[in-house]
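The tour below goes from one selection to the next.

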Amino acid sequence: MGMQFDPIRYVVPGYVAEGLTLFAGAPKIGKSWTAMDLAIAVSSGGVAFGSIKCQQGDVLYLALEDNRRRLQSRLKVMGRHLAPQRLTFMTEWPTLDEGCLNELEAWAQDVESPRLLIIDVLAKVRPAAKGTEQLYDADYRTMTGLHAFATRHRLAVVVVHHTRKMEAEDPFDAVSGTRGLTGAADTVMVLKRDIGTAKTVLYVRGRDIEEVETALEFKRDIGTWIILGAAHEVGKTTERQAILQTLRMSDEPLSAREISDLLSKSYEAVRKCLTRMAHDGEVEKTGRGQFRCPNGPIVPNDGASPADWDIGTHGTGGILKEVCPSDDPNAPDDDGRGNTVGWLNE
């Protein structure tokens, strides 16, 4: 208890701290673009995810599924015609049982301030399995050497990995392999398209980092993920926008039942959302159970086509939980897990 410890070093504040981070996602979802963004932000002392300032340091990016041409192309898309001087790319590297850690030690000793190591992907450095070894033990052993390296040099090691095809209620349970991988990591990040909001969400859970669920948008013209906000807040905003669009397209005020029918959504969910929107001044209540947009309609409703719904699978026949929300405008919008009550997909 009398010992003094330095504060935790955050390489990407709020998302990546010193230690071992396992970063998983489905194939082609954009993990490598994310890794490149982090590498550039740290090596140049710039910003990650479009807004998070990072302290500058040396970065080693093992792009083991890429080639130099592809890396150059990505850098150009991101507006980098010269890579940061403190960023080193390698497209070949020995596995963990063929000298990987020795080569990493050599790099750490050679640079001025080693701060971030990215291994893309884990399968390219994974050691060969031992005949009598259990799968959990093999996965845990794979991570322990990298964890020790990160701890020894007080830097962040981000290991890119894949998720399973099978969906999981908890995004962290979708990480491919046994829990030996996630158990050995200090932080786990999962990049996943959320069926509830049709947004891509970055889930982060760690020993030294507060758990976060952040909605992201990929800007193709600059090859960068941009933070939209907390995932549940972005989802809530989208739901309100759908109701506003429906009201604006109507010449007459509409009831909650009429809106729910037009949107093919749960009546109780729409009723609750309208109550909150009226409390916040986003809609006006004109009569018994009738609502209109304060600015009136912007497009006459020809009755030929229903309002568009932009929450992904919510508009494709998903079964909604029939949760009866409260009419109290001060009651919480969500169920305590970030899900807006009444808008959940089963």
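Predicted model: local features only at pLDDT ≥ 70, side-chain atom pairs only at ≥ 80, totals over all residues.

**Stop 1: H3 and H4**

Select residues 100-110, which form helix H3, and residues 135-153, which form helix H4. The axes of these helices lie 11 Å apart, and the packing angle is about 15 degrees. Angles under 35 degrees count as roughly parallel, and H3 and H4 are therefore roughly parallel to each other. Their crossing is right-handed.

Now show side chains where the helices meet. On the H3 side, select Leu101, Leu104, Glu105, Trp107, Ala108 and Gln109. Their partners in H4 are Gly145, Leu146, Phe149, Arg152 and His153.

**Stop 2**

Rolling a probe the size of a water molecule over the atoms shows where empty space is left. The second largest pocket has a volume of about 410 Å³. To find the pocket, select Lys28, Ile29, Gly30, Lys31 and Arg74, which are the closest to its centre among 18 lining residues. Next, select helix H1 (31-44) and helix H2 (68-77), the elements that each give two or more residues to this lining. Which element gives the largest share of the lining? That is H1, with 3 residues. By class, the pocket lining has 9 charged, 6 nonpolar and 3 polar residues.

**Stop 3: H7 and H8**

Move to residues 256-263, helix H7, and residues 267-279, helix H8. Here the axes are 9 Å apart and the helices pack at an angle of about 125 degrees. That angle makes H7 oblique to H8. The crossing of H7 and H8 is right-handed.

Select Ala256, Arg257, Ile259 and Ser260 in H7, then Tyr267, Val270, Arg271 and Leu274 in H8, to see the residues that make the contact. This contact of H7 with H8 has 5 nonpolar, 1 polar and 2 charged residues.

**Stop 4: two backbone details**

Most residues other than glycine have a negative phi, and most peptide bonds are trans. The last selections are exceptions to look at in turn.

Select Phe49, in the loop between strand S4 (47-48) and strand S5 (52-53). Phi of Phe49 is positive, near 55 degrees, and the residue is not a glycine.

Then select Asp120 and Val121: is the peptide bond from one to the other cis or trans? The bond is cis, with omega near 20 degrees. Val121 sits in the loop between strand S8 (114-120) and H4.

Notes
Residues numbered from 1 in each chain as written. Heavy atoms only, no water. Axes fitted to C-alpha atoms, helices over the stretch in contact; angles between N-to-C directions. Helix = DSSP H or I, 4+ residues; strand = E, 2+ residues; numbered from the N terminus. Parallel < 35°, antiparallel > 145°, perpendicular 65-115°, else oblique. Left-handed = near helix turned anticlockwise from the far one by under 90°. Contact = heavy atoms within 4.5 Å. 1 Å grid on protein atoms, 1.4 Å probe; cavity = no way out; pocket = protein on both sides within 12 Å on 5 of 7 lines; lining within 4 Å. Points joined across faces, edges and corners; volume = space filled by probe spheres on them. Nonpolar A, V, L, I, M, F, W, Y, C, P; charged D, E, K, R; others polar.
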